[in-house]
Amino acid sequence: MMSNVVTEAEIATPGPIHMIVTMCLAGLLSGLIIVSVYEATLPTIMANKAKAMREAAFQVLPGVTKVQRWAWRDNKLVVAENGPSGEEAMFAGFDANDQLVGYALPGAGPGFQDIISLLYGYRTSDQRIIGLRILDSRETPGLGDKIFKDRDFQLNFTSLAVTPDIKAVKKGTKAAPNEIDAITGATISSKAVVKILNTANATWLPRLASIKITHPQEK
Amino acid sequence: MPNKTPDTYQELIKGLWRENPVFVQVLGMCPVLAVTNSAINALVMGIATFFVLVVASAIVSSLRHLIPSQVRISTYIVIIATFVTVVDLSLQALLPAVHKELGAFIPLIVVNCMILGRQEAFASRNPVILAVADAMGMALGFMLALFTLGSIREILGSGSWLGIQLFGAQFEPWVIMILPPGGFLTLGLLLLFFQWFKERKQRLVQRLDELEAKS
């Protein structure tokens, strides 16, 4: 019994150096593992994101067979097929005859729970929104997530005028070309989408006016 | 925990039913309620937890003589957090769609008390083989519970299972089942079932004992 007590007391008080060394080693190994996995997965993650963005561009611009990425650098739009993440960029979409159909423009803003980020198609010939795709959102399942799951809501964005500013109205009362039917039970999410679109239009449409479209390079 | 004779098989199967982390120990409720709105999300969450728990248990158990007890909790958390980050990044690279659905709940595996609980209660006191068996059993039990919950909620709440539509267009999904209250309802009913089953077994054992005593 006596010897037991002594051993327990010895075990209970390891030197401070011992404790510091243990924690440092744990931190060092952990850092090593995390950084190597981060480095190993980074290219795939970035490629996934770029691919998702490009696929979305085709979806919001029906009839497009080719897209060209434009980045906003030093206050002007330049053609850049690749760029760092977080860079402001949009896509110009061309049909089979290499004619410009419109642009896929990004937008983001607060929704009901978290930031909603989206991509929408803007047709140049009649200045209308012709497609919308939600890229990222954490809206309530079953209610707010209807902004991308509800077909009726998505159909609002197949020919939507952008001037004057888009307005969300009570479901079934859509009358003007710049109005959309809000989702019953998800008014905040619907209005958030509208606000994001109006903000994105205010940012992007003036920028678009200044660019000269070059035809996509044949490969 | 009756643990007189260390038996690898016993350690492995106890987590599945007798000491199921969700239905019996009621641990790790955050992911249990949050990500079980569809069967696939529940399954991926279960697999992620499985990986983290088994690797962390193996490491903690093999280092159990080297970690001073004063800094053991912080060391366990560092080990767990490392592998959670590994899972998070790997999912982002391999299954971006599922990662998007699970969102914040993958990083939150770090604070799943079932994982830290197994390190403290088992892995830090037992040899590696037993610790891995225990971790695998517990993680499988957790996965099973999540998958059961996710399946029930998805079938009733969306009319589908693993994304496959089960009913015709006339089925009106019970939206509440995929919302948070549905999680509480389903979990409550399953806990009730487990408790009822346990009591029934106990009563049977008691009656057997009484009969034996009489004869």
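## Helix α6 of chain B

In this predicted model, helix α6 of chain B spans residues 113-121, and its buried residues are M114(B), I115(B), R118(B) and Q119(B). Buried means under 20% relative accessible area, with a 1.4 Å probe and protein chains only. These residues cover an arc of only 140° around the axis, so they lie on the same side of α6(B). The arc is taken from the directions from the helix axis to the C-beta atoms.

Helices here are DSSP runs (H or I, at least four residues), numbered from the N terminus. The cover over the buried residues of α6(B) includes α1 (8-14), α3 (39-62), α4 (72-94) and α7 (128-158) of chain B. At the start of α6(B), a side-chain oxygen of N112(B) comes to within 2.9 Å of the backbone nitrogen of M114(B).

## Where chains B and A meet

Chain B gives 23 residues to the contact and chain A gives 26 residues. Contact means heavy atoms within 4.5 Å. The area buried between the two chains is about 1900 Å², and carbon and sulfur atoms give 72% of that. Buried area is the accessible area (1.4 Å probe) that two parts lose on being put together, summed over both.

On the side of chain B that touches chain A, α4 and α5 (96-102) of chain B each give two or more residues. The largest share, eleven residues, comes from α4(B).

## How the model was read

Residues are numbered from 1 along each chain as its sequence is written, and chains are lettered from A in the order written. Local features need pLDDT of at least 70, and side-chain values use heavy atoms, leaving out hydrogens and water.

Conventions:
This is a predicted model: local features need pLDDT of at least 70, side-chain atom pairs count only at pLDDT 80 or more; totals for chains, interfaces and linings use all residues. Buried means under 20% relative accessible area, exposed over 50%, partly exposed in between (1.4 Å probe, protein chains only). A polar contact is a pair of N or O atoms within 3.5 Å; within protein, one must be able to donate a hydrogen and the other to accept it, and residues adjacent in sequence count only if both atoms are side-chain atoms.
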